[in-house]
Amino acid sequence: MSGKVFAEFSQDFSKNLGGTPQPLLQVEGLSKFYGARRGCADVSFDLWPGEVMGIVGESGSGKTTLLNCLAGHLAPDTGRVLFDTRANGMQDTVTMSEPERRMLGRTDWAFVHQHASDGLRMNVSAGGNVGERLMAVGARNYGDIRERAIDWLGRVEIAAERIDDRPTAFSGGMRQRLQIARNLVTGPRLVFMDEPTGGLDVSVQARLLDLLRGLVREMGLSAIIVTHDLAVVRLLADRLMVMKDGQVVETGLTDQVLDDPQHGYTQLLVSSVLQV
Amino acid sequence: MIQIENLSKTFTLHNQGSADIPVLTGASFSVAPGECVALTGPSGAGKSTLMRLIYGNYLAASGHIRIGHVDVAQAEPRQIIALRRETLGYVSQFLRVVPRVPTREVVAEPLLALGTPREEAIARADALLARLNLPERLWSLSPTTFSGGEQQRVNIARGFVHPYPALLLDEPTASLDAGNREVVLSLVEEAKARGAAIIGIFHDEAARDRLCDRQVDVGVFTPPRAA
Amino acid sequence: MTTQTAEATQSAYNFAYLDEQTKRMIRRAILKGLAVPGYQVPFASREMPMPYGWGTGGVQVSAATLTPEDCFKVIDQGADDTTNAVSIRKFFERTAQVETTTHTAEATVIQTRHRIPEEPLREDQVLVYQVPIPEPLRFLEPSEVETRKMHALEEYGLMHVKLYEDIARHGAISTAYAYPVKVEGRYVMDPSPIPKFDNPKLEMAAIQLFGAGREQRIYALPPYTQVVSLDFEDHPFDPSKAEHPCDLCGAEDSYLDEVITDDAGSRMFVCSDTDYCLARRDAGHEGAQGARG
């Protein structure tokens with residue numbers, strides 16, 4: 001990896017903000033089976049630049065399987081996942097070589113895990129965690145790396161003086177914010193999130209949601225958020241996809257799906273939420 | 001600007017014996033730029049349902065809802081989102097925001113979403129909040145704990161901070177005192193004057209008479225109650 | 001022990017202890033390592049008559065490298081006379097009956113633990129390193145599957161994270177030994193726990209072979225291979241050593257050991273390479289405490 005690659009995609013970042021006339025991600029007929037059991041079946045959708053899509057459903061509905069197939073963590077059995085790469089336009093990430101896919105994984109894609117400890121290096125300082133993706137794409141100036149790490153810690157509301165502390169010394173909410181900083185520092189275009197607010201206190205959740213909303217807007221990010229929390233998708237997602245038993249039962253504008261659900265399962269899901 | 005054509009809506013309750021409840025049928029009317037149209041009819045006639053259909057919040061069963069170049073009844077989610085961001089404003093009776101976000105940010109958000117520079121967006125939000133007489137000490141607080149009247153004014157500020165070419169107003173003057181009611185009425189008049197097409201529900205008859213050029217009786221579109 | 005029984009014992013061993021099949025297997029790993037400089041080649045490490053951590057990897061590589069005509073030298077942290085060095089030297093004296101020496105220039109095969117001799121090596125020499133942990137990425141990535149993938153795909157950002165952490169915590173890259181290097185612009189390699197002072201010497205005329213017995217890995221540097229120590233633009237690699245000449249021979253260019261000489265905390269700095277120090281003193285050089293030493 002050379003410094004040149006790094007410089008190139010730093011410049012490219014500005015291009016994200018102007019919309020392109022084609023989808024960023026096109027999913028066609030995606031299926032994943034675990035033996036005879038269906039993980040997810042025949043999922044198709046387009047995600048456009050700047051769009052945030054929520055995937056909801058109960059545990060075991062296949063939403064996490066789908067997310068892992070999209071992010072290249074699992075190999076689907078059938079289907080295509082086309083991503084609009086900076087260099088070569090639409091490419092099927094299922095069939096591309098592993099180096100290319102992993103390169104996407106640390107440049108244009110980001111993955112926010114439910115448990116921050118899965119997405120952070122717990123024995124590395126906060127600054128090192130944020131800097132890793134920069135160094136992975138060729139950054140070799142300690143001062144610059146540190147400056148950008150401090151900038152990002154600030155954006156996720158972590159005090160600069162915590163830069164040399166390890167995440168083990170952080171609260172759950174701080175760890176999750178650090179994970180987000182670590183993921184977004186290289187200016188990705190597509191963020192996958194798996195239950196990003198799961199396991200956090202309600203007050204901490206609100207802060208995180210606000211932060212994510214701001215970052216999505218400022219960076220023009222596209223995102224796919226898997227969650228079972230309908231309040232989270234109402235606040236974050238433009239669009240919703242409802243899954244049941246590995247299949248998509250309903251899609252649409254988030255508030256439309258939640259306020260006027262068409263499918264019986266969605267109606268059940270929405271009416272099961274306790275009103276506060 | 002807004003054209004409703006043969007619009008109908010039916011709710012199907014799958015978990016209650018798949019009961020079909022038709023609520024609206026054959027609704028047709030249009031609103032020109034600079035025109036304000038009031039939806040009237042008794043409670044339960046479907047005024048709010050119609051508003052929500054126009055905003056894309058409810059899914060139309062059939063018919064067309066044309067706003068500018070977009071048919072909300074058939075548009076992709078991203079087209080509706082773009083429409084809401086640029087063209088179609090909505091002042092609802094309820095405020096739904098992320099907890100802990102300061103009021104001035106809530107009001108400035110539609111501008112930020114359009115890419116307005118932050119300083120300018122905040123300045124315009126502040127100006128509108130001041131005009132609506134919301135005490136300045138509240139601007140940096142989240143509106144979630146505000147009184148009904150205060151929340152209503154935050155909602156109005158949010159709906160008027162960007163000059164939307166089309167506006168939906170759901171009881172914009174409810175729970176406001178005389179002074180603030182007057183501010184809202186003049187905001188609506190200014191919007192009309194700049195050419196916005198407006199559809200509103202007003203229980204406040206005086207406000208309706210002052211603002212609206214025409215009335216559309218939603219009761220006409222109510223389907224006969226099937227047994 | 002009579003001469004006769006000693007000879008019987010010696011002839012009971014195959015040359016250099018290991019059987020020919022095993023040596024062939026190890027040589028194949030060595031050749032592959034030389035063909036792909038810096039790449040860790042797995043090999044079927046044998047049980048040796050010494051514990052892991054005592055140089056079982058280096059001993060197997062030496063056994064596969066030695067010929068009856070070779071002259072063998074062993075150093076442990078630069079010294080020829082420590083237990084580990086003496087034991088291994090005797091091991092091969094007994095099992096291979098090769099000539100041994102303490103003089104760097106005379107040796108054709110040199111097995112080392114944690115040092116490179118001060119005297120530049122020649123093209124007809126082989127330097128064999130004992131390696132405890134061959135994987136430079138292991139410190140931060142515990143999964144072998146993952147580190148192998150990282151090597152295969154040249155994903156080395158993590159290596160700089162380690163150096164970053166050093167600077168963040170100590171103000172400078174504090175890694176003083178086992179300092180990671182990049183070989184021929186491709187593989188990141190752990191040069192074994194040699195002091196970073198020795199890193200520049202890794203670009204040399206001799207063949208360098210690295211053996212890790214417990215971890216079952218062999219890797220190699222052919223002569224004149226490009227070896228670059230990793231660093232940051234604003235924190236460049238610095239092969240520093242103690243700012244002091246040798247108290248015995250007065251050398252200012254050699255790597256020094258600090259020796260505490262009494263209970264009052266008196267200390268002296270001496271060359272860690274004992275052969276180099278002796279040769280200098282034999283040639284008449286003298287350090288500050290040379291007379292007493």
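Predicted model: local features only at pLDDT ≥ 70, side-chain atom pairs only at ≥ 80, totals over all residues.
## Two domains within chain A

Chain A is divided into domain 1, which covers residues 1-108 together with 191-276, and domain 2, which covers residues 115-187. The centres of domain 1 of chain A and domain 2 of chain A, taken over C-alpha atoms, are separated by 23 Å. Where these two parts meet, 23 residues of domain 1 of chain A are in contact with 19 residues of domain 2 of chain A, and about 1800 Å² is buried between them, with 64% of that area on carbon and sulfur atoms.

Across this interface between the domains of chain A there is one salt bridge, and six residue pairs are in polar contact. On the side of domain 1 of chain A that touches domain 2 of chain A, helix 1 (3-12), helix 3 and helix 8 each supply at least two residues, and helix 8 of chain A gives the most, with seven residues. Sorted by class, that side of domain 1 has 14 nonpolar, six polar and three charged residues. Elsewhere in the model, the side chains of A:Glu157 and A:Arg207 meet in a salt bridge, with an N to O distance of 3.0 Å.

## Where chain A meets chain B

The contact between chain A and chain B takes 24 residues from chain A and 25 residues from chain B. The area buried between these chains is about 2200 Å², and carbon and sulfur atoms give 53% of it. Of the area that chain A buries against chain B, A:Arg217, A:Leu253 and A:Asp260 supply 26%, which is more than any other three residues.

Seven salt bridges are found across the interface of chain A and chain B, and eleven residue pairs are in polar contact there. In a salt bridge between A:Arg213 and B:Glu109, the closest N and O atoms are 2.6 Å apart. Several elements of chain A supply at least two residues each to the side that touches chain B, among them strand 10 (247-253) and helix 10 (254-259), while the largest share, six residues, comes from helix 8 of chain A. The residues on this side of chain A divide into six nonpolar, six polar and twelve charged.

## Where chain A meets chain C

Chain A also touches chain C, with 22 residues of chain A in contact with 22 residues of chain C. The buried area between chain A and chain C is about 2000 Å², of which 52% comes from carbon and sulfur atoms, and A:Arg102, A:Arg140 and A:Tyr142 supply 35% of the area that chain A buries against chain C, more than any other three residues.

Between chain A and chain C there are five salt bridges and 14 residue pairs in polar contact. Helix 3 (98-106), helix 5 (126-136) and helix 6 (142-155) of chain A each supply at least two residues of the side that touches chain C, and helix 5 of chain A gives the most, with five residues. This side of chain A divides into seven nonpolar, six polar and nine charged residues.

## A closer look at helix 3 of chain A

The buried residues of helix 3 of chain A are A:Arg101, A:Arg102, A:Leu104 and A:Arg106. These buried residues pack against strand 4 (78-85), strand 6 (109-112) and helix 5 of chain A, together with helix 5 (144-152) of chain C. A:Arg106 forms a salt bridge with C:Glu155, in which the closest N and O atoms are 2.8 Å apart.

Definitions and conventions:
Residues numbered from 1 in each chain as written. Chains lettered and ligands numbered in written order. Heavy atoms only, no water. Contact = heavy atoms within 4.5 Å. Buried area = accessible area lost by both parts, 1.4 Å probe. Salt bridge = Lys/Arg side-chain N within 4 Å of Asp/Glu carboxyl O. Polar contact = N/O pair within 3.5 Å; in protein donor to acceptor, adjacent residues only side chain to side chain. Helix = DSSP H or I, 4+ residues; strand = E, 2+ residues; numbered from the N terminus. Nonpolar A, V, L, I, M, F, W, Y, C, P; charged D, E, K, R; others polar. Buried < 20%, exposed > 50% of the residue type's maximum accessible area, 1.4 Å probe, protein only. Domains from an automatic or database assignment.
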